[in-house]
Every structure is written in structure tokens, then in C-alpha cells.
Amino acid sequence: MKCPVCKTSDLNASSLDQNLSCRHCGNCGGNWIQSFEYWKWRDQNKGNLPENILAPEDLPANLPDPKTGTLKAKFCPECSSILIRYKVGHGVSFAIDQCGNCGGVWFDKDEWESLKGRNLHDDVYTIFTAPWQSKVRTQESLRTQEEIYIKKFGEEGFEEIQRMKEWIEAHPRKQEIIAYLMQTTRQ
């Protein structure tokens, strides 16, 4: 098998986790996990770990930046199909690649460790689902909207708006407050 990133480097048998066989590229540090190997490992490690929320400073610093990296098509080392990129979300900035034909998964260097640090490694296949990807798009949209409002109102102004919003949301007469604000701001 050849590395889908380096194209010419061989993928060598290795272990990514206890009882999880993979094929490792010694050149770029990426790892290929065959679908059946992941499911075998998953069955041995029953139980779903709760997600860990890490602060940005706790995330590995050497992960590729998706905004500056050049994206080139990656091909499955098993069946030569194009790998499909899926954004991880949940505060993780990278995407992982899956073969839509054989189901194998490619992890660039340190991506598995990052997912493991968040306890998302035992849920890798849920990342490829439509509900997960829909939630990722919604989160990205909300983050983009927040960035727009921060530019409009400044950081301090946005924080004050957020504080007021939380107060209104928790108030028992929320609807009346909103009606009042709508009425008085139109005048």
C-alpha cells in the first residue's frame, strides 16, 4: 500500500492504539486504518467515552492548518477510490478522510491523538454521518455570525449584548421584554 499523501511512500504495519492495527507512513506520519480493524478495536473497547472539551491551548500545536494547507485529492491505498473529507467540528479544526467504497480512514499526523484527547476516537464513524456534518455546518455558521457581530459592535459591545441576551432568555417574562424592545426601538 502507498501513502495517499506522499503517493510513493509505503505504508508499514503498525499499531495506533492498543489492539488497533494500522498502516503507518514513516515519511508524513499519517495512518491508514482499515474499516474492519477499527470495528474490531471498537468492539473490544465497548462503551462510549464522554467527549472531553479542551481549551485551544491544550490542542496539539503541530496539526495542519486547514486554511493555509493546500488540498489535494487523496486516493484510498486499498481500492484507489477518492477519499472524502469530513470536518470533525466540536472545537477541532481539521477534517479526516474516509473511503466511501471500502470504509477505511486516513488520519494525517497527530489527528488520531487529537481525537483521542477529546474522546472522539471511539466515535470516528459518527463523524461521517449526515447529522454530525449538519451540526458541524450549523456550528460554523454561528461562529461566522458571531465574528461579523464582533466586528460590528467590538469585543466589549458583543460581550454586553451576550450578557443581555442571556438575561432575557432566563427571564420569566421574556416575550414581554422582547415585545417592549421591539416597540421602543421602532420609534
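Helix H4 (residues 130-170) spans only 32 Å between its end C-alpha atoms, whereas a straight helix of 41 residues would span 60 Å at 1.5 Å a residue; the expected span of a helix is taken as 1.5 Å times one less than its number of residues. The structure is a predicted model, in which local features need pLDDT of at least 70 and side-chain atom pairs count only at pLDDT 80 or more, while totals for chains, interfaces and linings use all residues. Residues are numbered from 1 along each chain as its sequence is written, and side-chain values use heavy atoms, with hydrogens and water left out.

A kink of about 110° is centred on Gly154 in H4, the bend at a residue being the angle between axes fitted to the seven residues ending there and the seven starting there.

The secondary structure of the protein comes to five helices and six strands, where helices (H or I, at least four residues) and strands (E, at least two) are DSSP runs numbered from the N terminus. From the N terminus on, the order of elements is β-β-β-α-β-β-β-α-α-α-α. Of the 187 residues in the protein, 34% are buried. Among contacts (heavy atoms within 4.5 Å) with a separation of 6 or more, 51% join residues 24 or more positions apart.

The six strands form an open sheet with antiparallel pairing, in the order E1-E2-E3-E6-E5-E4; two strands are taken to pair if DSSP finds at least two bridges between them. Strand E1 (11-17) and strand E4 (83-89) are the edge strands, each pairing on one side only. From one strand to the next, the twist averages 35°. Helix H1 (residues 35-44) packs on the sheet and touches E1, strand E2 (20-25) and E3; the direction of H1 makes about 140° with that of E2. For such angles, axes are lines fitted to C-alpha atoms, for helices over the stretch in contact, and values run from 0 to 180 degrees between N-to-C directions.

Strand E3 (residues 31-33) and strand E6 (residues 105-107) run antiparallel and are joined by three bridges, with Val105 in E6 as the bridge partner of Ile33. E5 and E6 form a hairpin with five residues between them, and Gly103 in the turn has a positive phi of about 85°. E4 and E5 also pair in the antiparallel sense, over six bridges. Two residues lie between the strands in the hairpin of E4 and E5, where His90 takes a positive phi near 55°.

Strand E5 is mostly covered, seven of its eight residues being buried. Gln98 lies in this strand (residues 92-99) and is buried, with a relative accessible area of 11%. The bridge partner of Ile84 in E5 is Gln98. When residues up to four places away in sequence are not counted, Gln98 touches Ile82, Leu83, Ile84, Tyr86, Gly103, Gly104, Val105, Tyr125 and Phe128.

A search of the whole structure finds nine aromatic pairs. Rings of Phe, Tyr and Trp (its six-membered ring) pair if their centres lie within 6.5 Å; planes under 30 degrees apart count as stacked, over 60 as edge-to-face and the rest as tilted. Tyr125 and Phe128 form an edge-to-face pair, 5.3 Å centre to centre with 85° between the planes. Tyr125 is buried at a relative accessible area of 14%, and Phe128 is buried at 11%. The pair of Tyr149 and Phe153 is stacked, because the ring centres are 5.9 Å apart and the planes are at 5°. Tyr149 and Phe153 are four residues apart in helix H4 and are therefore separated by about one helical turn. Tyr149 is partly exposed, with a relative accessible area of 39%, and Phe153 is partly exposed at 44%. Tyr125 and Phe128 also belong to one aromatic cluster with Tyr38, Trp39, Trp41, Tyr86, Phe107 and Trp112.

Note on methods. Buried < 20%, exposed > 50% of the residue type's maximum accessible area, 1.4 Å probe, protein only.
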